[in-house]
Amino acid sequence: MREPLEPGTIITVSSEGSDRKYQIDRILGEGASGIAYDAHRIGVSNAVPRCRIKECYPAECGVKRAGNELLWTDSESKDAAFERLKNAHKIMVELRDDASVGNNITSAELCEGNGTLYSVMEVNHAISYARDKEKQLAKILDSIKHLTKVVGCVHKKGYLHLDIKPDNFLITYKPNTAIWLFDMDSLISLENIKKEDIQAIPYTEGYGAPEQAYWHPHMLSPATDIYSASDYFSGVCLRHCLSVCKKASGILVHLGGGIPCHADLSVYYRAFAA
């Protein structure tokens with residue numbers, strides 16, 4: 001069983017010969033290849049840069065933690081895990097630099113320390129979509145448009161994301177709406193799908209398409225990501241609309257002869273907004 005870094009832990013890492021310190025603020029989640037955290041950089045004079053960190057800490061490689069240090073028992077597994085994170089980070093940087101995405105990430109770096117690698121991304125004002133409390137329907141719809149644009153860029157680069165969920169993309173409305181994906185470890189190349197060279201299909205319960213949940217690799221396509229995004233956002237929009245209806249005194253539903261009838265949506269609201 002893996003041991004995540006506890007909130008408040010300070011780690012020292014190195015990037016291109018320069019040391020820096022980060023404090024862990026929150027554990028976001030544990031994937032097959034590592035653990036994701038919200039964090040912030042310390043020891044800088046200006047405003048504290050908020051960060052998203054992915055620690056290379058696979059679930060199946062027998063890696064042990066000793067303090068902040070990770071101890072690997074298998075060098076081949078370590079090399080493979082490092083290569084996977086490097087590739088995922090490379091794609092993330094390519095998306096950052098893609099002008100069509102329109103994000104404003106200040107930096108995305110691959111750092112080393114404590115026996116492992118970290119993918120570190122400074123996120124400015126952005127927050128995880130899972131924590132976004134935006135209530136305006138227009139902005140919710142705008143975020144859908146921007147997410148599809150980013151996912152489209154992933155597809156154009158020859159990959160499927162296969163793990164589109166609220167904690168895996170960040171959003172900011174300052175100065176304009178921008179969304180970008182963080183965790184790229186789930187990516188599978190379309191070329192490998194054609195060759196049927198797939199060892200595993202990434203899947204998070206509640207967010208994936210049926211072909212992911214039931215292991216149908218021949219059915220994987222860009223439509224798989226579109227299903228995941230549309231399935232999630234349809235729920236967001238429905239909860240928003242039900243919330244608006246809940247706050248109103250009621251809805252007049254005009255039946256056959258134009259006789260007004262009061263419709264109480266509280267039951268449906270409780271079901272979908274839980």
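In what sense do strand β11 and β12 pair, and over how many bridges?

Guide: The model is a predicted one. In it, strand β11, made up of residues 169-172, pairs with β12 in the antiparallel sense, and the pairing runs over four bridges. Within this pairing, T172 is found opposite A178 of β12. Against the sheet packs helix α2, residues 137-156, which touches both β11 and β12 and whose direction makes about 40° with that of β12.

The two strands belong to an open sheet of three strands, ordered β9-β11-β12 and paired antiparallel. Because β9 (127-128) and β12 (178-181) each have a single partner strand, they stand at the edges, and one side of each is left without a neighbour in the sheet.

Turning to the helix, α2 comprises 20 residues and reaches 29 Å from its first C-alpha to its last, which is close to the 28 Å expected at 1.5 Å a residue. Its buried residues are I140, S143, H146, L147, V150, V151, C153, V154 and H155. Just after α2, G158 adopts a positive phi of about 95°.

Leaving aside residues up to four places away in sequence, S143 touches Y129, I171, T177, I179 and F233.

Definitions and conventions: Residues are numbered from 1 along each chain as its sequence is written. This is a predicted model: local features need pLDDT of at least 70, side-chain atom pairs count only at pLDDT 80 or more; totals for chains, interfaces and linings use all residues. Side-chain values use heavy atoms; hydrogens and water are left out. Two strands pair if DSSP finds at least two bridges between them. Contact means heavy atoms within 4.5 Å. Axes are lines fitted to C-alpha atoms, for helices over the stretch in contact, and angles run from 0 to 180 degrees between N-to-C directions. The expected span of a helix is 1.5 Å times one less than its number of residues. Buried means under 20% relative accessible area, exposed over 50%, partly exposed in between (1.4 Å probe, protein chains only).
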